[in-house]
Amino acid sequence: MASVQIQDVRKSYGQLQTIKGVSVEVPDGAFVVLVGPSGCGKSTLLRMIAGLEEISGGTIRIGGKVINDVEPKNRDIAMVFQNYALYPHMTIAENMAFSLKLAKRSKAEIETRVTEAARILGLSDYLERFPKQLSGGQRQRVAMGRAIVRNPQVFLFDEPLSNLDAKLRVQMRTELKELHARLKTTTIYVTHDQIEAMTMADRIVVMRDGIVEQVGAPLDLYDRPVNTFVASFIGSPSMNFIAGTITDDRAAITTANGDRLPLVQGIEARGPVSFGIRPEHLFVTGEGKGFEIEVTAVEPTGSETYVQGVLGDQKISALLRERVAVQVGQKLRLDMAPANVHLFDSASGQRLG
């Protein structure tokens, strides 16, 4: 195992700069997830760690050693891709053993490592089968097994669950976390799915347009996003943002509709702001409290009800834990606890307080 230090790393394709000075510390044994929308640079950064992309500037260290100019095969990393990339003419055992054979490991060592990896991944009964005889989830386990047998210092995962159906993705998320807890190998995982990031990571790195917006534990990013981008990206459904103005007493903001929404005491800002509240922190209230929306959609799931509506010209979503008898076109009054409110500067999007 080893730590990974990424210091002021840049990547350019001619005049186009895609990674713009990224610095990230990955502690030894950590499970760090790079997350962000398509085109943010997360996969490019992972490929630079792997040595599949040249580094235009900055330094990458693995275990304290600079690896900028080290060949991929000598970086002591193992990478699992989105597509399984299994050899169809080889058995599962042969696929898992392939890299060890290229490294000229002994037959006994290869057999020991493959057997152990198969046991960890629940593949012991499938070693003599071919990839076409396995399900998608089993094939992804084989791809992980091929990485495990190398016993690397660092695992790199590039959206490995994207090709699986929703139910299997949930199952594989759990299996990957259990695998990391067992092996304790430093892991860097790329995904565009913030649910994967929240449920799997020790630390999350949120990226946008080639820069890092915020780094932290999942609940730190959920509870205190540094700006509206992180606030909207982390959490599902996405956070609501309501434009308003802080009143003179600084106890509330006033919306364009004249509603007064509560603020945590101690806010020093004045003037136009963006009021953030997560859908799951809204609840149904009585007349004279909170604010009123016109309902545009109702989606009951049994355990909760997802309600969408409008407040003036602003869209509002509420994830209600109770069953609500409300129809499209009706009015619904919602409120929230001041402790769950987030406040952002209208111009910059940065967090206030």
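Guide: Helices here are DSSP runs of H or I with at least four residues, strands are runs of E with at least two, and both are numbered from the N terminus. The model is a predicted one.

Five of its five residues are buried, so β7 is largely enclosed by the rest of the structure. The cut-off for buried is a relative accessible area under 20%. In a regular strand the side chains alternate between the two faces of the sheet. In β7, Val154, Leu156 and Asp158 point one way, Phe155 and Phe157 point the other way, and all are buried.

Next come the pairing partners. Strand β6, residues 77-80, runs parallel to β7 and is joined to it by four bridges. Within that pairing, Phe155 of β7 has Ala78 opposite it. Strand β8, residues 186-191, also pairs with β7 in the parallel sense, over five bridges. There the bridge partner of Phe157 is Tyr189 in β8. From β7 the chain passes through α5 and on to β8, a β-α-β crossover that is right-handed.

Tyr189 leads on to the packing. The largest nonpolar core has 47 residues, and the members touching the most others are Met96, Val114, Met144, Tyr189 and Val206. Helix α3 gives the most to this core, with six residues. For Val206, contacts beyond four places in sequence are with Val35, Ile211, Val212, Glu213, Gln214, Leu221, Phe229, Val230 and Ile234. A separate core of 30 residues lies apart from the largest one, and its members include Ala2, Ile6, Val22 and Met48.

With 1% relative accessibility, Phe31 counts as buried. Beyond its neighbours within four places in sequence, Phe31 is in contact with His180, Thr187, Tyr189, Met200, Ala201, Asp202 and Arg203.

One of those contacts, Asp202, takes part in a salt bridge with Lys177, at 3.8 Å from N to O. Asp202 is in the loop between α6 (194-200) and β9 (203-208), while Lys177 is in helix α5 (residues 166-183), so the pair ties together parts that are 25 residues apart in sequence. The helix in question, α5, is the one through which the chain crosses from β7 to β8. Asp202 is partly exposed at 34% relative accessibility, and Lys177 is partly exposed at 26%.

The total by the salt-bridge rule is ten. Another of them joins Glu213, one of the contacts of Val206, to Arg208, with N and O 2.9 Å apart. Glu213 is buried, its relative accessible area being 16%, whereas Arg208 is partly exposed at 32%. Elsewhere, salt bridges with shared partners join Lys11, Arg47 and Glu53 into one network.

Glu116 is partly exposed, with a relative accessible area of 36%. From Phe31 to Arg119 the C-alpha distance is 22 Å, for a separation of 88 residues in sequence.

Strand β16 is joined to strand β19, residues 331-335, by four antiparallel bridges, with Glu294 having Lys331 in β19 as its bridge partner. Strand β17, residues 305-311, runs antiparallel to β16 over six bridges, and Thr305 in β17 stands opposite Pro300. These two strands, β16 and β17, form a hairpin with four residues between them, and Gly302 in the turn has a positive phi of about 105°.

As for annotation, an unreviewed UniProt entry lists residues 4-234 as "domain: ABC transporter". Over residues 4-234 the chain is 37% helix and 26% strand, with the end C-alpha atoms 24 Å apart.

Notes
Residues are numbered from 1 along each chain as its sequence is written. This is a predicted model: local features need pLDDT of at least 70, side-chain atom pairs count only at pLDDT 80 or more; totals for chains, interfaces and linings use all residues. Side-chain values use heavy atoms; hydrogens and water are left out. A salt bridge is a side-chain nitrogen of Lys or Arg within 4 Å of a carboxyl oxygen of Asp or Glu. Buried means under 20% relative accessible area, exposed over 50%, partly exposed in between (1.4 Å probe, protein chains only). Two strands pair if DSSP finds at least two bridges between them. A crossover is right-handed if, with the strands pointing away from the viewer, the path from the first strand over the helix to the second runs clockwise. A nonpolar core is a set of buried Ala, Val, Leu, Ile, Met, Phe, Trp, Tyr and Cys residues joined through side-chain atoms within 4.5 Å. Contact means heavy atoms within 4.5 Å. UniProt positions are given in the numbering used here, feature names are shortened, and annotations may be inferred rather than shown by experiment.
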